[in-house]
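Work through each task before reading its solution.

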Amino acid sequence: MQQIKSPSIENLPKIGYYTSKEQKKEEFYKNESHIYKQGPLSGVKAGAHKLYNDFLTYFPKGFAGSKNSDFYEYLSLGMVPYIVGSATLIALYSAANRKFLDSDASCARSAAKCFGAGVVLYGIGKWASQKLSRTLIHASTGVDLNMRYINKKQELPEPGQEKGIVRVQYPGVFDSVNFFRKDLLSKDSELNHGDINAYNDKIAKKAGFKNKLNCPAQTMDDKIRELKARSCALENVNKYILAALGVAFGVQKGFSGLTFRRPFESLKNAFKDSAKQLWKGNDRNLVTKHYGKALIFASIASTLSSWLIPTIAFKHNPNKMTSKVDTKKEYEVA
């Protein structure tokens, strides 16, 4: 009988028998949709990507009736009319300056600068209000409503193409209230923390649950949905109050003298003068006297509310939980 020898370890193939954790992560990140590392410039990167594709990809696709146009692209196109419309409105004030008398042209230029400042500050106000409230919510609850993920979208072949391309998108994990991407949160927890419940355990602790929950996803999914719904409702009020403040700030006379010869000094003086003018108002009537102060206080109050109300509701208070069983009542067991 011939003796069977075990193969030597040195003769085993070097690949095909074992895949390391890092290799699995690398392969997953390469081919699948996933949450990417969030940083200070994550939103800037996603915004620049959207803006670039709005004009060069999404708008042409939608205008042509492409079957690959989707809801993400539709929502992203909201930046296009704002940019084009704002540029058009600003240009209307200065386009005919050459045909005006010197005094009229000077007034038109001043109005154009104030209007331009108002348009820019309107956009900054809307962006800053959401950014601030969501940053405070993230710090208080652990839920980053600005969290984004890389979506690998396989498109259908367009006419003349043999195979559809894979397009990259940067949607928000919590864009949908009812169907947020909890699958990606679980996968990210598994890949980076070795436990699919790691994310839910973290926010459950922030919410006030002292002991580890047996099924954290079941409880925290509802908490996240409630947080997102409340946050969106209050943001819709808050961002327009701050946008109104931005417009009111920009149309003050302080911005009419804005020049580009010494831009930083000119901008600093414009902000300082406009702030004084907005706070002081004018003596025309009671409204114009105090509308600036009212907008400032309303902006502070709405920003604090858009943070505090969702956060307080997110926190777990076991003292408010009451038993559904009346222990003083007699029950008959059948």
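**Exercise 1.** Determine which charged end sits over the ring of Trp-279.

*Solution.* The charged end of Lys-293 sits over the ring of Trp-279, at 5.4 Å from its centre. The criterion asks for NZ of Lys or CZ of Arg within 6 Å of the ring centre and within 35 degrees of the ring normal. The model is predicted: local features need pLDDT of at least 70, side-chain atom pairs count only at pLDDT 80 or more, and totals for chains, interfaces and linings use all residues. Residues are numbered from 1 along each chain as its sequence is written, and side-chain values use heavy atoms, with hydrogens and water left out.

**Exercise 2.** Classify the aromatic pair of Trp-279 and Phe-297, and state what the pair ties together.

*Solution.* Rings of Phe, Tyr and Trp (its six-membered ring) pair if their centres lie within 6.5 Å; planes under 30 degrees apart are stacked, over 60 edge-to-face, and the rest tilted. The count by this rule is 11 aromatic pairs. For Trp-279 and Phe-297, the centres are 5.9 Å apart and the planes form an angle of 70°, hence edge-to-face. Trp-279 belongs to helix H9 (residues 263-280) and Phe-297 to helix H10 (residues 286-314), so the pair ties together parts 18 residues apart in sequence. Helices here are DSSP runs (H or I, at least four residues), numbered from the N terminus.

**Exercise 3.** Describe how the axes of helix H8 (residues 216-250) and H10 cross.

*Solution.* The two axes, lines fitted to C-alpha atoms over the stretch in contact, come within 9 Å and cross at roughly 175°. On the scale of 0 to 180 degrees between N-to-C directions, angles over 145 count as roughly antiparallel; H8 and H10 are therefore roughly antiparallel.

Note on methods
Helices (H or I, at least four residues) and strands (E, at least two) are DSSP runs, numbered from the N terminus. Angles under 35 degrees count as roughly parallel, over 145 as roughly antiparallel, 65 to 115 as roughly perpendicular and the rest as oblique.
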